[in-house]
Amino acid sequence: MIKFLDLYKVNNLHRVEIDEAIKRVLDSGWYLLGKEVEAFEKEFAEFCGTKYCIGVANGLDALTLIFRAYKELGKLKENDEVIVPANTYIASILSVTANNLKPILVEPDLKTYLIDPKEVEKAITTKTKAILPVHLYGRLCDMETINSIAKKYNLIVVEDSAQAHGAIRNDIKAGAFGNASGFSFYPGKNLGCLGDGGCVTTSDEELANAIKALHNYGSHKKYHNIYKGVNSRLDEIQAAVLRVKLKYLDKENQKRREIAKYFCENIKNPLITLPLLGDKDEIWHVFPVRVKNRDIFQKYLTDNDIQTIIHYPIPPHKQQAYKEWNNLSFPITEQIHNEIISLPISQVMTNEEAKQLVRVVNEYKE
Ligand SMILES: *Cc1c(COP(=O)(O)O)cnc(C)c1O
């Protein structure tokens, strides 16, 4: 059986170092906002090329706290419009509505599955104040164009980098293109911890300071509260584990790139639409393909011992949570949600498994 993602194997690659890291925290007697988080924040900011990194409890909180901080700083206010890709994971959009800001959904490009800058520009109104590009599936959005649109209309750019740790283009890494970025360290992400975790990266000192207070009850100094904050912190244990795994992230992303290249060059089934083969701007968080009769294809793969996952079966505008959008129509987004399916890919996939996957996919008939 080829698992979609074998998390035991993913972490077992670094078993000795992870065990040591956990023991170090246990022995220290200090479990929150200590040396490990401080060191990880410094190391991850350096890795991304930003001045600041603030550890938080998860990726959704990272994004939510960025928008919240902009509101506290007077740079955003309720009902301001934020442009988001219609085909993103729901968490991107939840971070906007949690702050009573208004998400404006725009279609992605069918070739890259990423927000289409032409659609972004069309959606701009006098109320537009921010753009939330999502580096979906591990591929970087066209940040050069998005940033130039943002500059032209004076908009804030918040990157959702929850699927793009380490993706790089023109020497700039995910998390360093926009004004701020949210990352998730959910176990299945390319950089994942052993539970929930997340962080914000930014080079804006004022924003970083606001988030540092907001994520810790709204205080910089114990018992002095300047905001009505929340409790959203990265644990010392998770930070210690992430410090181990960060050292191997580039190498592991490279392994995924090699497998993706092998798939793109060897899957030759006309029924399957492959993703574009990216360069270093693609870390292959998942390997998405499109197929017309997806349920039949998925069952065929299951019958042949290959586990797959659909990212995602229902677009945000068709969710019950966003009833107010249920009548909207986004044909490209809907086509993607009807046809997309993610094949297994990971740093622990063996050559044998990759070969077997290619053979099974190539033998698929309708
Ligand atoms: C995982 C993910 C999130 C949310 O991260 P959590 O840590 O699960 O809260 C946000 N956006 C995208 C695109 C994601 O994939």
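Colleague: Happy to go through this one with you; what does L73 count as in terms of relative accessibility?
Modeller: This is a predicted model, where local features need pLDDT of at least 70 and side-chain atom pairs count only at pLDDT 80 or more, while totals for chains, interfaces and linings use all residues. Residues are numbered from 1 along each chain as its sequence is written, and side-chain values use heavy atoms, with hydrogens and water left out. Buried means under 20% relative accessible area, exposed over 50% and partly exposed in between (1.4 Å probe, protein chains only). With a relative accessibility of 23%, L73 is therefore partly exposed.

Colleague: Which residues is L73 in contact with, leaving aside its neighbours within four places in sequence?
Modeller: L73 belongs to the loop between α4 (59–72) and β2 (81–85), with helices (H or I, at least four residues) and strands (E, at least two) taken as DSSP runs numbered from the N terminus. Contact means heavy atoms within 4.5 Å. Beyond those neighbours, the partners of L73 are E206, L207, A210 and Y227.

Colleague: Nice. Why are the buried residues of α7 on the same side of the helix?
Modeller: In α7 (residues 143–153), the buried residues are M143, I146, I149 and A150.

Colleague: What kind of ring pair do F44 and F185 form?
Modeller: Rings of Phe, Tyr and Trp (its six-membered ring) pair if their centres lie within 6.5 Å, with planes under 30 degrees apart stacked, over 60 edge-to-face and the rest tilted. That rule gives 13 aromatic pairs. For F44 and F185, the centres are 5.6 Å apart and the planes at 85 degrees, so the pair is edge-to-face.

Colleague: And how many residues apart in sequence are the parts that this pair ties together?
Modeller: F44 is buried at 0% relative accessible area, and F185 is buried at 0% too. F44 lies in helix α3 (residues 35–48) and F185 in the loop between β8 (180–184) and β9 (198–202), so the separation in sequence is 141 residues.
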